[in-house]
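Reader: Can we walk through this one together? I'd like to start with a strand pairing.

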Amino acid sequence: MSSATLFGFSSWLAAQMFGMLRPIAPAPMQPLLGAQAQSATAYLLVGTFVFATGLVNAIMLIWWERKLLGRFMDRRGAMHVGYAGLLQNFADGLKLFRKQPLMPREADPLGYWLAPTAYLATSLMIVGFLPVSTGWVPGVAPLSLLMALALFSFAPFFIFIGAWSSNNKYSLIGGMRTAAQLVAYEVPLLFAVVSVVLLTGSFDLTTIVNTQIKEGWFAFPLILGLVVFFVAMLAEVERIPFDLPEAEAELVEGWNTEYGGMLFAMTTLADYVRGLVGSYLVVLLFLGGWWMPAGQFTNVVNGFPLAGILWFQVKVYLVFAVFVWVRASLPRVRTDQLLQIGWKRMVPLSLANVLLAAVLVVTGWWPLPKMF
Amino acid sequence: MSTPATRPPDATPHPAAAAPGDDIKFTLPPPEPTGVSSLVVHPLARAARQFVKSLWRPSTIVYPYKTPFGKTTERLESPAFRKEVGIRSGAPLGVGEIWDNYRGVHALNVRTCISCNLCMFSCPDTCIEMVTTEGPDGKAKKCPEIDYGKCSFCGFCSDACPEGCLSMTARYTLTTNDRHHMVYSPEMLYTVYKTKLPMNPVRLARPENEDNILLDQDLCIGCNACARDCPTKCITMIEIPKPGAAKPGEKLPKRIWKEPSVNDEDCVRCGTCISVCPKDCLYWGSHG
Amino acid sequence: MSEMWINMGPQHPMTHGLWNLRVKVDGELVIDAVPEMGYLHRGIEKICEYRQYNEVVTLMDRCCYVAGLAWEQLYLMASEQALGVEVPERAEYIRVTCQELQRLASHLMWFAAFVMDIGLMAPFGYGMRDRDVILDLFQSFTGARMTYEYMRVGGVRNDFPVGFTDRARGVMDWLEHRVDDYEDLCDRSDIFLKRCVDVGVLKAKDCIRTGITGPMLRAAGVPRDLRRDRPYSVYPELDFQVAVHDAADVYGRYRVRMEEMRQSIRIVRQCLDHLDKRPGRVMAEKVPRFVGTPSPPPGSESYIVRRGYPKGVGLSAMEEPHGEAMAYVVNEGGEQPYRVKFRSPVMVNISAAREYLVGYRVSDIPAIMGSVDICVGESDR
């Protein structure tokens with residue numbers, strides 16, 4: 001199977017699964033799957049949009065991380081290909097694209113080929129449920145937040161399938177760690193989301209952002225929730241200090257040790273797509289989405305959605321910069337320490353946060369009094 | 001002079017180790033964790049400090065690269081330092097991408113090469129071969145050809161060169177697609193010389209007790225081979241008086257009644273005379 | 001997960017070189033470890049027998065690629081003893097300066113690799129950056145950044161350039177500040193401490209039993225440093241202290257190395273002061289021919305026959321950045337050494353891997369092996 005086919009397959013999967021779910025879904029789930037994508041053309045358009053947004057942003061995030069990490073390490077990042085190295089990652093991608101995909105002889109072909117494809121496809125599908133500005137959402141769904149998080153939690157299965165079928169001990173240990181870690185951190189992540197939902201009363205991300213535009217960022221009342229969500233998101237997207245599944249010092253490359261060429265590029269891209277989605281969610285849930293400083297007075301976002309998109313992107317990249325900042329300054333924790341932090345610290349904190357949100361709602365202290 | 005090791009390595013500490021106050025003992029436990037500050041705040045603050053510091057000009061070396069304003073080279077070393085540092089020989093180090101005393105590709109001045117073979121002899125990697133090339137006067141002469149596929153850039157050859165015609169330059173790019181291109185003929189080395197790259201100005205500190213060429217007069221047959229092959233022409237054949245029949249009945253040795261005389265000032269101690277001597281009558285030694 | 005053997009190496013990010021660590025794990029727990037060496041064996045000891053005394057120096061830089069000058073001096077101390085050569089005082093001071101600069105460079109490199117092993121990204125850049133300054137100092141007088149080929153039998157190749165001592169002093173001032181900085185960076189990071197404290201414990205008794213030397217031994221509380229206990233070169237005239245820690249774990253090794261860097265800075269400063277005051281020769285006046293000067297003509301058997309040749313045996317021991325190294329040179333009266341043998345501290349330190357790995361987790365392996373400071377070039381030779 002050539003890498004081009006795989007690449008095409010993943011994009012096809014992203015576009016098709018998105019739309020094809022609708023006819024087979026039971027009636028109560030119909031509203032979940034979006035009202036806009038009705039025709040094949042619309043599916044294709046949505047798929048293209050999701051594909052382009054996800055992949056281009058992921059590649060740019062890699063550049064952004066390299067540049068930032070360079071400065072943290074007292075050097076410059078990539079700087080030779082393109083202006084300030086902007087094209088470096090495209091060149092790397094091209095190089096990987098040209099490589100022959102090799103599979104270990106003892107590996108299980110089905111799982112081996114399926115895992116990166118499905119990992120990338122499900123990661124890209126999340127982008128389809130995230131609004132980026134007023135009216136700019138490919139899949140409008142009342143439960144878009146739940147859908148996004150449900151897709152987000154698909155990853156451990158595919159990672160474990162890939163790890164198991166690679167028939168490599170490093171992959172296996174990496175896969176095991178992934179399963180343990182992602183399951184442990186799903187809980188505080190979802191509890192942190194619950195607090196936001198309590199305040200909003202809706203699972204629709206557009207509604208959540210609009211509430212924040214009206215009432216102020218959720219980061220102010222739910223600062224604890226923001227911290228818990230951020231830390232859990234660090235673990236969910238497998239970044240230092242929680243990058244145990246691919247701790248390169250002991251597990252070579254973790255669960256994707258046996259993947260090379262385009263397959264490796266796909267897993268890396270999917271990692272960064274998940275990083276992008278994580279930053280998106282942090283901004284959408286806690287940092288006011290595309291809310292602009294003067295937005296609520298001038299209504300510039302409603303009149304000119306592109307400004308909202310740009311503002312939103314700036315926020316997302318800043319949140320990702322914090323991811324990189326943490327990566328630059330903290331060492332990797334150990335397996336047992338990771339699970340201890342997850343179950344003993346994060347879960348109680350997130351519960352306290354839910355309690356806080358409940359108190360806010362019940363007592364009527366929310367919305368907070370306006371400052372201006 | 002290194003101190004001879006007399007005590008065998010053993011597990012018990014040396015008596016000197018028991019001297020109090022001689023060593024620092026950290027019996028301190030590691031610092032107590034201080035909560036959120038040491039968990040995240042301090043490391044994050046430290047990283048942020050470095051980030052702000054390196055925003056303007058990161059101090060790690062970067063390679064020459066192009067900016068919209070032209071080619072820029074940044075290095076950790078300030079050019080001012082390299083300008084102010086001179087070498088004891090008086091030649092200042094240049095301000096380039098790398099130091100002048102860098103041991104890179106050789107430069108060979110074919111004109112002044114005396115074909116003494118010393119570079120070839122001194123090469124630990126046997127990457128130097130003396131090949132015939134055309135000298136400045138059109139005559140054939142032997143000059144070194146260097147195989148950079150083997151060269152380890154140790155600089156022993158340029159240290160050995162008595163005339164200073166083989167030196168190492170700051171040129172370091174050697175990438176080719178064909179390993180045969182790694183063999184640099186004397187002409188190519190002369191081309192490098194003509195580019196006037198900065199050449200290593202540092203000379204070897206030599207010991208003073210260099211031996212001289214001595215002659216075992218009893219063995220010499222006066223064949224002129226040493227004087228003929230001496231690269232510096234410091235050997236002259238001087239006539240020696242032919243002894244008369246010293247004892248009746250004893251034949252005089254069959255030889256030419258000349259023997260070499262070495263001018264020690266001009267001699268570069270290359271040993272060519274010793275190696276060409278058919279009778280092994282020349283040897284290294286000191287006068288007196 | 002049942003028990004299984006994992007090959008960590010020969011190509012593995014943890015190994016810092018080319019060797020294989022076979023670990024038996026039960027889930028995440030290490031229950032057995034077998035180090036396998038020899039992947040980087042280049043036969044350097046045998047090649048030494050076919051090279052003249054000075055030419056062996058080129059191999060020493062390849063032998064240990066993070067502390068080339070230390071190994072040059074180690075070999076030369078033994079061969080000078082075998083050849084009966086006196087080294088001038090200034091050359092000895094230059095050598096000790098190189099030694100301690102090399103120790104600084106090696107420890108900085110270790111710091112960079114160690115923090116990278118436990119996942120700290122940014123200090124990796126700092127360690128490499130500061131090491132580079134020292135490499136620049138090396139380049140200013142040797143002409144190369146890693147393969148120096150600077151020392152010769154009877155001294156060193158050339159003197160320090162004019163202005164070098166001032167610059168080196170500036171670097172030392174700056175580096176001293178940096179070492180404090182790194183300690184502050186690591187000691188006040190909770191996760192760093194959690195990864196280091198009580199990990200890879202190897203008590204003094206076990207260290208001595210397995211022959212472990214260097215910072216690992218000193219971190220276990222044994223105050224043994226060849227620079228003080230069996231002084232060589234001009235170390236007796238220098239004022240410095242030996243860093244010892246009681247913890248016997250990864251953290252103790254880290255602290256000992258950090259303190260050793262401070263002591264090295266102290267020694268370098270004293271040497272620089274001395275070099276400023278006392279000019280002189282850097283090469284011995286009397287060095288046997290074919291050894292001191294780089295002109296070995298063929299057909300020199302007659303020379304050996306006529307002149308005779310000094311015969312002898314040289315043995316040198318030295319506190320290398322990684323531990324105690326030894327060199328043994330037999331001179332049977334030829335142009336080349338008859339036999340050269342080295343004792344590599346890293347070889348011994350790695351060989352005891354089982355002692356300090358068993359019982360810890362897979363995640364601890366990089367931290368523990370990182371704290372050993374591995375240079376496979378010298379252990380396999």
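Author: Keep in mind that this is a predicted model. C:D26 stands opposite C:L29 in β3(C).

Reader: How many bridges join β2 of chain C to β3(C)?

Author: Seven bridges join them. β2(C) covers residues 20-26, and the two strands run antiparallel.

Reader: What order do the strands of the sheet come in?

Author: The order is β1-β2-β3 in chain C. Three strands make up this open sheet, with antiparallel pairing.

Reader: Which strands are the edges?

Author: β1 and β3 of chain C are the edge strands. Each pairs on one side only. On average, neighbouring strands of this sheet are turned by 20° against each other, direction ignored.

Reader: New topic. How many residues of chain C are in contact with chain A?

Author: 28 residues of chain C, in contact with 25 residues of chain A.

Reader: Which element gives the largest share of chain C's side?

Author: α5(C), with five residues. By class, the side of chain C that touches chain A has 16 nonpolar, five polar and seven charged residues.

Reader: Now helices. At what angle do α3 and α10 of chain A cross?

Author: Roughly 140°, and their axes come within 6 Å.

Reader: Why are they called oblique?

Author: Roughly antiparallel needs an angle over 145 degrees. α3(A) and α10(A) cross at roughly 140°, so they are oblique to each other.

Reader: Which residues of α3(A) make the contact?

Author: A:G93, A:L96 and A:F97. From α10(A) come A:G261, A:M262, A:F264 and A:A265. The contact has five nonpolar, two polar and no charged residues.

Notes:
Residues are numbered from 1 along each chain as its sequence is written. Chains are lettered from A and ligands numbered from 1 in the order in which they are written. This is a predicted model: local features need pLDDT of at least 70, side-chain atom pairs count only at pLDDT 80 or more; totals for chains, interfaces and linings use all residues. Two residues are in contact if their C-beta atoms, placed from the backbone, lie within 7 Å. Helices (H or I, at least four residues) and strands (E, at least two) are DSSP runs, numbered from the N terminus. Ala, Val, Leu, Ile, Met, Phe, Trp, Tyr, Cys and Pro count as nonpolar, Asp, Glu, Lys and Arg as charged, and the others, Gly among them, as polar. Two strands pair if DSSP finds at least two bridges between them. Axes are lines fitted to C-alpha atoms, for helices over the stretch in contact, and angles run from 0 to 180 degrees between N-to-C directions. Angles under 35 degrees count as roughly parallel, over 145 as roughly antiparallel, 65 to 115 as roughly perpendicular and the rest as oblique.
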